[in-house]
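Please look through the structure below with its helix packing, its strand pairing and the confidence of the prediction in mind.

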Amino acid sequence: MSRTLAGCACLLIGYLIASAPVAAAGANGASDVVRLFYGQLLDTMQHAAALGAKGRYEKLQPIVLDTFDVPFMTRLSVGPPWATLSVKQKRRAAKAFGRYVTAVYATRFDGYSGEQFQVVSEQKIKHGIMVRSQIVKSDGEPVSINYVLHDNDIGWQIRDVYLAGTISELATRRSEFAAILRTDGIDGLIAALNKKADDLRS
């Protein structure tokens, strides 16, 4: 009986986390923002087959745009060329980058086999808060993912993601985007970012 009750309790907790409504980032602390994002991500993974690629993208887009500071991340990913762009180009680039980030998550998390998302701790750093978390695979292996968040006019939002605890997503993107910018300019980069999302939505 105790095992049955414990199992039911775990299922109930998982359901409550997965079905929690998406709240504005400004209404939560840094760790809460990550937990809300994880809840939506987990729910998407658990229904990945029924949703399909397009459905996963559409389900994740609102929480991605709410959770991540897309304009800041776009500027850092583009690097020095950002200063030469027009206001219209910056807006187009940020919109394309937001679509790209959504597509990346919709692609990476395309199924569920018992993974768990855990927020481990948070630490104040120079320009915000580092939230340490991990994804525990179905075989029990933990994978560290750390988030850097800052409190802006909207609230706590993610500025960077560190895979394996140390590999900056922004640094990786900046290196990848630099080659496209050199050969095709900002219009070529925007087109490449949009293609990633368009491929999922087709």
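Helix 5 and helix 6 cross in the left-handed sense. In this predicted model, the two elements cover residues 87-108 (helix 5) and residues 169-201 (helix 6), and they pack with their axes 8 Å apart at an angle of about 70 degrees. Angles from 65 to 115 degrees count as roughly perpendicular, and helix 5 and helix 6 are therefore roughly perpendicular to each other. The residues that make up the contact of helix 5 with helix 6 comprise 13 nonpolar, 10 charged and 3 polar ones.

The strand pairing can be followed next. Strand 1 runs over residues 116-125 and strand 2 over residues 128-136; the two pair in the antiparallel sense, with 9 bridges. Together strand 1 and strand 2 form a hairpin, in which 2 residues lie between the strands. One of the bridge pairings joins K124 to I129, the latter in strand 2.

The protein chain has an average pLDDT of 87, and 86% of the residues score at least 70. Among the elements of the chain, helix 4 (residues 70-78) has the highest mean pLDDT, at 97, whereas helix 1 (residues 2-18) has the lowest, at 38. Over residues 1-27 pLDDT stays under 50. For that stretch, residues 1-27, the model has 20 contacts beyond four places in sequence.

Conventions. Residues are numbered from 1 along each chain as its sequence is written. This is a predicted model: local features need pLDDT of at least 70, side-chain atom pairs count only at pLDDT 80 or more; totals for chains, interfaces and linings use all residues. Side-chain values use heavy atoms; hydrogens and water are left out. Two strands pair if DSSP finds at least two bridges between them. Helices (H or I, at least four residues) and strands (E, at least two) are DSSP runs, numbered from the N terminus. Axes are lines fitted to C-alpha atoms, for helices over the stretch in contact, and angles run from 0 to 180 degrees between N-to-C directions. Angles under 35 degrees count as roughly parallel, over 145 as roughly antiparallel, 65 to 115 as roughly perpendicular and the rest as oblique. A crossing is left-handed if the near helix is turned anticlockwise from the far one by less than a right angle, and right-handed if clockwise. Ala, Val, Leu, Ile, Met, Phe, Trp, Tyr, Cys and Pro count as nonpolar, Asp, Glu, Lys and Arg as charged, and the others, Gly among them, as polar. pLDDT is the predictor's confidence in each residue, from 0 to 100. Contact means heavy atoms within 4.5 Å.
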